[in-house]
Amino acid sequence: APGDELERLLYGFSLLICLPDSMSTPGSAATGTVLRPETLREYAAQAGFRRVDILPVDHDQWRFYHLHP
């Protein structure tokens, strides 16, 4: 799988816990909690945002984005 060890671990948690929960919620996109930049860009474009930037925040677990209207 793409990603480092921490991303793969978090993806596993998302797959086993977050994704089933989101799949049981009506109207949910059911993607779990681990969104890679390409997926977020697709969702943002569908919601009308014209650009998505990854912010230069150094963090081991989170990725921060700026969505441009």
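The lining of the second largest pocket comprises, by class, five nonpolar, four polar and one charged residues (Ala, Val, Leu, Ile, Met, Phe, Trp, Tyr, Cys and Pro count as nonpolar, Asp, Glu, Lys and Arg as charged, and the others, Gly among them, as polar). The model is predicted, and local features need pLDDT of at least 70, side-chain atom pairs count only at pLDDT 80 or more, while totals for chains, interfaces and linings use all residues. Residues are numbered from 1 along each chain as its sequence is written, and side-chain values use heavy atoms, with hydrogens and water left out.

**Overall architecture**

- The secondary structure of the chain amounts to two helices and two strands (DSSP runs numbered from the N terminus, with helices being H or I of at least four residues and strands being E of at least two).
- Read from the N terminus, the order of elements is α-α-β-β.
- The C-alpha trace spans about 35 × 30 × 15 Å along its principal axes.
- Of the 69 residues in the chain, 16% are buried (buried means under 20% relative accessible area, exposed over 50%, and partly exposed in between, with a 1.4 Å probe and protein chains only).

**Pockets**

- The second largest pocket holds about 150 Å³ of space (a volume is the space filled by probe spheres set on the grid points, which are joined across faces, edges and corners).
- A pocket is defined on a 1 Å grid over the protein atoms alone, as an open set of points where a 1.4 Å probe fits, with protein on both sides within 12 Å along at least five of seven lines; lining residues have an atom within 4 Å of a point.
- Residues lining the second largest pocket include Tyr 11, Ser 14, Leu 15 and Leu 19, as well as Thr 31, Gly 32, Val 34, Leu 35, Arg 36 and Thr 39.
- Helix H1 gives the most to this lining, with four residues.
- The largest pocket has a volume of about 540 Å³, and 19 residues line it.
- Nearest the centre of the largest pocket lie Leu 10, Val 34, Gln 61, Trp 62 and Arg 63.
- H1 also supplies the largest share of the lining of the largest pocket, six residues.
- The lining of the largest pocket divides into nine nonpolar, five polar and five charged residues.

- Leu 16 belongs to helix H1, residues 5–23, and is exposed, since its relative accessible area is 67%.
- Tyr 11 is also placed in helix H1 and is partly exposed, with a relative accessible area of 38%.
- Between the C-alpha atoms of Tyr 11 and Thr 33 there are 7.9 Å, although the two residues are 22 residues apart along the chain.

**Salt bridges**

- The whole structure contains two salt bridges (a side-chain nitrogen of Lys or Arg within 4 Å of a carboxyl oxygen of Asp or Glu).
- One of them joins the side chains of Glu 7 and Arg 36, at 3.0 Å from N to O.
- This pair links distant parts of the chain, with Glu 7 in helix H1 and Arg 36 in the loop between H1 and H2, 29 residues apart.
- Glu 7 is buried, as its relative accessible area is 18%, whereas Arg 36 counts as partly exposed at 24%.
- Arg 51 forms a salt bridge with Asp 53, and the closest N and O atoms are 2.7 Å apart.
- Arg 51 is partly exposed at 39% relative accessibility, and Asp 53 is partly exposed with a relative accessible area of 25%.

**Loop residues**

- Ala 30 lies in the loop between H1 and helix H2 (37–46).
- The phi of Ala 30 is near 55 degrees, which is a positive value in a residue other than glycine.
- Ala 30 is partly exposed, with a relative accessible area of 28%.
- Ala 47 occupies the loop between H2 and strand S1 (51–54), and is exposed, with a relative accessible area of 57%.
- Ala 47 and Pro 69 stand 22 residues apart in sequence and 9.4 Å apart in space, C-alpha to C-alpha.
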